Amino acid sequence: IAGVDPGRLTLRELLALAEARARDEWSRMSALLVLLANCHRDPKKMRVFRPSDFDPFARRAAPVEVGMEAIKEFFTTGKLPGTDARVQ
């Protein structure tokens, strides 16, 4: 899995090498998946994909915490808090 001779390496080193290889392979594979997905998407209906959308090792943004007032405003007016745009 790590792609090296495990001869004198410790288990911790082997695990680090295996994870690094998996990250490297996923970064290349996600670039190919983005190419395919963006070629076959409808530009009027879908956003442009990014490699991080397909990479399981990519860091995701932390969820945004929203208070009850913002939720109330959204459901009563149909607008996202802090914007003038209506959500459809």
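What follows is a working chat about the predicted model shown above.

User: To start with the overall fold, how many helices and strands does the protein chain have?

Analyst: In this predicted model, the protein chain has 2 helices and 0 strands. Its radius of gyration is 21 Å, well over the 12 Å that the globule rule gives for 88 residues, so the chain is more spread out than a compact globule.

User: And what does the C-alpha trace span along its principal axes?

Analyst: The C-alpha trace of the protein chain spans about 65 × 35 × 15 Å along those axes. Of the 88 residues, 10% count as buried, and the accessible surface of the chain comes to about 7800 Å², with 60% of that belonging to carbon and sulfur atoms.

User: What share of the contacts comes from residues 24 or more positions apart?

Analyst: Among contacts in the protein chain with a separation of 6 or more, residues 24 or more positions apart account for 20%.

User: OK, on to Ser30. Where is it, and is it buried or exposed?

Analyst: Ser30 is placed in helix α1, and because its relative accessible area is 1%, under the 20% cut-off, Ser30 counts as buried.

User: Which residues is Ser30 in contact with, leaving aside its neighbours within four places in sequence?

Analyst: With those neighbours set aside, Ser30 is in contact with Pro51, Phe54 and Asp55. Of these, Phe54 counts as partly exposed, at 27% relative accessibility.

User: Which residues form the nonpolar patch on the surface?

Analyst: The patch is formed by Val64, Val66, Met68, Ile71 and Phe75, which together have about 580 Å² of accessible area. One of these residues, Ile71, lies in helix α2, residues 68-77, and counts as partly exposed at 32% relative accessibility. Val64 is found in the loop between α1 and α2, and is exposed with a relative accessible area of 73%.

User: How is α2 itself placed, and what comes just after it?

Analyst: Of the 10 residues of α2, the number buried is 1, so the helix lies largely in the open. Just after α2, Gly78 takes a positive phi of about 80 degrees.

User: What about Val64 and Arg12, how are they separated?

Analyst: Val64 and Arg12 are 52 residues apart along the chain, and their C-alpha atoms are separated by 35 Å. For another pair, Gly3 and Leu14 are 11 residues apart in sequence and 9.5 Å apart in space, C-alpha to C-alpha. Gly3 has its place in the segment before α1 (11-39), and is exposed with a relative accessible area of 56%.

User: Changing topic to charges, how many salt bridges does the count come to?

Analyst: The count comes to 5 salt bridges. Among them, Glu25 pairs with Arg21, the closest N and O atoms being 3.1 Å apart. Both residues lie in helix α1, 4 residues apart, about one turn of the helix. Glu25 counts as partly exposed at 41% relative accessibility, and Arg21 is partly exposed too, with a relative accessible area of 35%.

User: Which residues are linked in a network of salt bridges?

Analyst: Arg47, Arg50 and Asp53 are linked in such a network. Asp53 forms a salt bridge with Arg47, where the closest N and O atoms are 3.1 Å apart, and Arg50 forms a salt bridge with Asp53, where the closest N and O atoms are 3.7 Å apart.

Methods:
Residues are numbered from 1 along each chain as its sequence is written. This is a predicted model: local features need pLDDT of at least 70, side-chain atom pairs count only at pLDDT 80 or more; totals for chains, interfaces and linings use all residues. Side-chain values use heavy atoms; hydrogens and water are left out. Buried means under 20% relative accessible area, exposed over 50%, partly exposed in between (1.4 Å probe, protein chains only). Patches are made of residues with over 30% relative accessible area and no salt bridge: like charges are joined within 9 Å, nonpolar side chains (Val, Leu, Ile, Met, Phe, Trp, Tyr) within 5 Å. Accessible areas come from the Shrake-Rupley method with a 1.4 Å probe; for residues, only the protein chains shown count as cover. A salt bridge is a side-chain nitrogen of Lys or Arg within 4 Å of a carboxyl oxygen of Asp or Glu. The radius of gyration is taken over C-alpha atoms; the globule rule is 2.2 Å times the number of residues to the power 0.38. Contact means heavy atoms within 4.5 Å.
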